[in-house]
Amino acid sequence: DSALMEAVLDVLAEAGYEGLTMAAVAARAGASKSTIYRRWESKERLVLDAVRGMSEMVDPSKLPDTGTLRGDLLALFQPESSERTERTLAVMAGLAAMLTTDPGLAEAADAVMVEPWAAAHRALMERAVKRGEVSAAADIATLSRVVASMAAYRSVILRQPFTEAFLTDLVDGVLLPALHHGRSAAGPDPARNFPAD
């Protein structure tokens, strides 16, 4: 399975979504087309499973524990070689092309690209709440998706790599301030939405 998924990503990166065929994947993986068709009814599902493999490099049972939420969030970052980064961007370009041809796959793409990382961030943030580092009123459900969503946006839309420097800016400038500030139990103050007389 690992070799087959790598073959899918290689062909997607090299030929794009339109150029990806079951035959090309089978040839790259040294497998038969019938084997692939038995498990995946379409190339869309094949691509989504391959991209899921990229997203699930984070192991929820082996999350970092540095003692601080900032340290934990930064420790999740996995730097790639320049060659690997180029392939990742090409794969994301192929995924974007797939979503253009079938927007109905957007929810499935979110599940494989964003949700695994969002789940890891939720776990880290909930742990930080338990040790008193983060406000219990913080909107963890929303904030846990920020980094993964921005990573997807940068790679799919901007075609730019998600770097450690960008992650650090997100953590220090967005996540930690929002998590520490939390949210009033009574909700936002309506008066803040209107200018003073």
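How many salt bridges does a search of the whole structure find? The search finds 13 salt bridges, in a model that is predicted, and several of these pairs are shown in the close-up views described below.

**Figure 1. Overview of the confidence of the predicted chain.** Averaged over the chain, the pLDDT is 85, and 90% of the residues have a score of at least 70. Over residues 183-197, by contrast, pLDDT stays under 50, and for this segment the model has 3 contacts beyond four places in sequence.

Figure 2. Apart from its neighbours within four places in sequence, D72 is in contact with P64, D65, T66, G67, L124, R127 and R131.

**Figure 3. The salt bridge between D72 and R127.** The side chains of these two residues, D72 and R127, meet in a salt bridge with an N to O distance of 2.8 Å. Because D72 belongs to helix α5 whereas R127 belongs to helix α8 (residues 115-130), the pair ties together parts that are 55 residues apart in sequence.

**Figure 4. The salt bridge between E115 and R145.** A salt bridge, at 3.0 Å from N to O, joins the side chains of E115 and R145. This pair links distant parts of the chain, since E115 is in helix α8 and R145 is in the loop between α9 (140-143) and α10 (146-158), 30 residues apart. With a relative accessibility of 26%, E115 counts as partly exposed, and R145, at 24%, also counts as partly exposed.

**Figure 5. The salt bridge between R131 and E133.** Here the side chains of R131 and E133 meet with 2.9 Å between N and O. R131 counts as partly exposed at a relative accessibility of 34%, and E133 counts as partly exposed at 25%. R131 is also among the residues in contact with D72.

**Figure 6. A network of salt bridges.** The residues linked in this network are E6, D10, E14, R28, R84 and R87.

**Figure 7. The largest nonpolar core and L179.** This core has 56 residues, and those with the most contacts inside it are V25, V47, L69, M113 and L179. Its largest share, amounting to 8 residues, is contributed by helix α1 (residues 2-19). When neighbours within four places in sequence are left aside, L179 is in contact with L69, M125, V134, S135, A138, I140 and L143; L69, one of these partners, is likewise named among the residues with the most contacts inside the core.

**Figure 8. The backbone at R159.** In R159, a residue other than glycine, phi has a positive value, near 55°. R159 lies in the loop between α10 and α11 (164-181), and its relative accessible area of 46% makes R159 partly exposed.

Key:
Residues numbered from 1 in each chain as written. Predicted model: local features only at pLDDT ≥ 70, side-chain atom pairs only at ≥ 80, totals over all residues. Heavy atoms only, no water. Contact = heavy atoms within 4.5 Å. pLDDT = per-residue confidence, 0-100. Salt bridge = Lys/Arg side-chain N within 4 Å of Asp/Glu carboxyl O. Helix = DSSP H or I, 4+ residues; strand = E, 2+ residues; numbered from the N terminus. Buried < 20%, exposed > 50% of the residue type's maximum accessible area, 1.4 Å probe, protein only. Core = buried A, V, L, I, M, F, W, Y, C linked by side-chain atoms within 4.5 Å.
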